Amino acid sequence: VETPHWLFGDQLGPHFTAPGGGGPRKASPVVMIEARSVFRRRRFHRAKAHLVLSAMRHRAAELGERVRYVRARTYREGLREAVGDAEVTVHRPTSRAAMALVSALPNVRVLDARGFLVPREEFGQWVAGRSDAQLRQEDFYRWVRRRHGLLMEGDEPAGGRWNLDHDNRLPPPSGAERLDTPAPYRPREDAIDDEVRADLDRWEREGEVEFVGRDGPRLFPADRREARTALRRFLTHRLADFGAYEDAVLAADPVMSHSLLSSSLNLGLLDPWECVAGAEAAWRAGEVPLNSAEGFVRQIAGWREYVWQLYWHFGEEYRDRNALHHTAELPDWFLELDAEAVTARCLSTVLAQVRDTGWTHHIPRLMVLGSHALQSGWDPRAVTDWFHRCFVDGYDWVMLPNVVGMSQYADGGRMTTKPYTSGGAYLNRMTDLCGPCAYRPDHRTGGRACPFTAGYWAFLHRHRERLVHNPRMARPVHGLDRLSDLDELLREHRRNVGRTP
Ligand code: FAD
């Protein structure tokens, strides 16, 4: 009798059932468990719950008779119902909690992780002998490029430079409301989505679960075919413009040239290799410029892999890091995604995107939502939980480094060399959000003072002792001494805390 193989809800592509590495064989039965406890524990965005359930059920439909699909209260109960005490295999799950669960179950044999480019042992070799200060993304990324021969010409990076970020930081084209880029692929819902929506309605009605956000037509791929179509469309029609405007934000064009592939990658519908190989092939065929191909490869082979490895490397305590001692609670307007209550146009625009789609690109996450949380001194654990619940691509492994480390600097600089936050001037340069806003980016005080400008200086002032010793922050910190209105600004910031911006 073949050993059954268990698929978690983020292991949905063919590479999770492909033979090899002591894993499932061609004929191995498959077990999938839809555990309701996951949705009861936390208030997720409804579009996220919809996407995950839809994707699991689509996979089950594809596997047909081969799969035993169990709806249960918990994973433990579901597994018992599916296989009793019989042995099952599973690829390494992506969260510490799930890893602890499968390790504690005597009948589960855990196989290597799939869905990432770098195996754990290889990362171990890279880490060996490096201090924390040397675990930088840029070095890791170059190592991955060399190791996988990605965008390489012999021993040299294609085009002679490793890093083309300099070409990829353009502000949005002046006067344009949208980028002149073909629209992204959007899927069409089917009967499985109808069934998911009916289930979610019923659970909500019966008071079993509560959600946040709107569950409009599903925007992200739920099966392999849709995910492949999305990837192909991105590589063929949209990658060319990816690079230059990667960091720019347009209010009326939330997606710009971003790939929208994060949820498909994180559900396991796409393998990272096919994404980066496709981007390299498009460049080699002369279809896209190098800065776009490199920028995209960097996101996946650099950032995504780095974040995945750091999640395991930093250990469980990382979750509770709070180097800046930030303890304020998240306000209701933020928790409820109440964009209408917010005056600051950047926050209200981005919050509405999250409410309506469960997605925004990386700059709104980092420099609007995350930066405001940091300036307001919100508890980083609560901020992490919020991002995890509200984003369609949010999972424990990807949230912890991105929010605790990158966005909230709660690890005191283990992951990044400086806190990511800014005043209104940066937002005004890189977005078109400030123009009609009721606040002015260059006002530090007074009725029209931009909350980001006042918040930025107040943040530097509050953490002056720590930041003045950071070579990348010393200059801005010394800028505090040149502010003639610092006292007034700080008074105003204190008044602002607790008010809806
Ligand atoms: P693109 O801009 O097209 O980038 C291509 C791909 O690169 C993405 O699909 C993603 O798979 C990968 N990628 C890029 N940056 C990162 C990163 N920092 N970490 C992991 N993968 C990366 N990404 C998530 O997948 N899930 C999250 O929960 C998540 N939370 C974030 C929270 C904060 C505060 C910040 C600053 C970033 C977060 N990111 C997260 C990273 C990034 O913002 C998203 O991956 C990206 O915006 C998804 O949109 P896209 O697919 O169009 O990405």
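Visitor: Which residues in H11 meet H16, and which residues in H16 do they meet?

Guide: Val307, Trp308, Leu310 and Tyr311 in H11 meet Trp397, Val398, Leu400, Pro401 and Asn402 in H16. Two residues are in contact if their C-beta atoms, placed from the backbone, lie within 7 Å. Helices (H or I, at least four residues) and strands (E, at least two) are DSSP runs, numbered from the N terminus. This is a predicted model: local features need pLDDT of at least 70, side-chain atom pairs count only at pLDDT 80 or more, and totals for chains, interfaces and linings use all residues. Residue numbers start from 1 along each chain as its sequence is written.

Visitor: At what angle do H11 and H16 pack?

Guide: Two packed helices are described by the angle between their axes and the distance between the axes. Here H11 and H16 pack at about 90 degrees, with axes 8 Å apart. H11 is therefore roughly perpendicular to H16 (65 to 115 degrees; under 35 is roughly parallel, over 145 roughly antiparallel, the rest oblique). Axes are lines fitted to C-alpha atoms, for helices over the stretch in contact, and angles run from 0 to 180 degrees between N-to-C directions. The contact of H11 with H16 has eight nonpolar, one polar and no charged residues. Ala, Val, Leu, Ile, Met, Phe, Trp, Tyr, Cys and Pro count as nonpolar, Asp, Glu, Lys and Arg as charged, and the others, Gly among them, as polar.

Visitor: Where does the ligand lie relative to domain 2 and domain 3?

Guide: The ligand shell draws residues from both domain 2 and domain 3, so it lies between them. The shell has 28 residues, the closest being His258, Ser259, Ser262, Gln299 and His362; a residue is near the ligand if its C-beta atom, placed from the backbone, lies within 6 Å of it. Helices H9 (262-266), H11 (290-313), H14 (362-376) and H16 (396-407) each supply at least two shell residues. By class, the shell holds 14 nonpolar, 11 polar and three charged residues.

Visitor: How is the protein divided into domains?

Guide: The division is domain 1 (5-111), domain 2 (120-210 + 221-313) and domain 3 (319-496), with bounds from an automatic or database domain assignment. Taken over C-alpha atoms, the centres of domain 2 and domain 3 are 24 Å apart. Their contact takes 18 residues from domain 2 and 21 residues from domain 3. On the domain 2 side, H9 and H11 each supply at least two residues, and H11 gives the largest share, four residues. That side divides into 12 nonpolar, four polar and two charged residues.

Visitor: What is the strand order in the open sheet of five strands?

Guide: Strands of a sheet pair through backbone hydrogen bonds, either parallel or antiparallel. In this sheet the order is S3-S2-S1-S4-S5, with parallel pairing; two strands pair if DSSP finds at least two bridges between them. S3 and S5 (108-111) are the edge strands, each pairing on one side only. From one strand to the next, the twist averages 30 degrees.

Visitor: How many bridges join S1 and S2?

Guide: S1 (residues 5-7) and S2 (residues 30-35) pair over three bridges. Leucine 7 stands opposite methionine 32 in S2. S2 and S3 (residues 67-72) pair over six bridges, and isoleucine 33 stands opposite valine 70 in S3.

Visitor: Which strands does H2 lie across?

Guide: H2 (residues 46-63) lies across S2 and S3, running at about 155 degrees to S2. H3 (residues 75-83) touches S2, S3 and S4 (88-91), its direction making about 145 degrees with that of S2.
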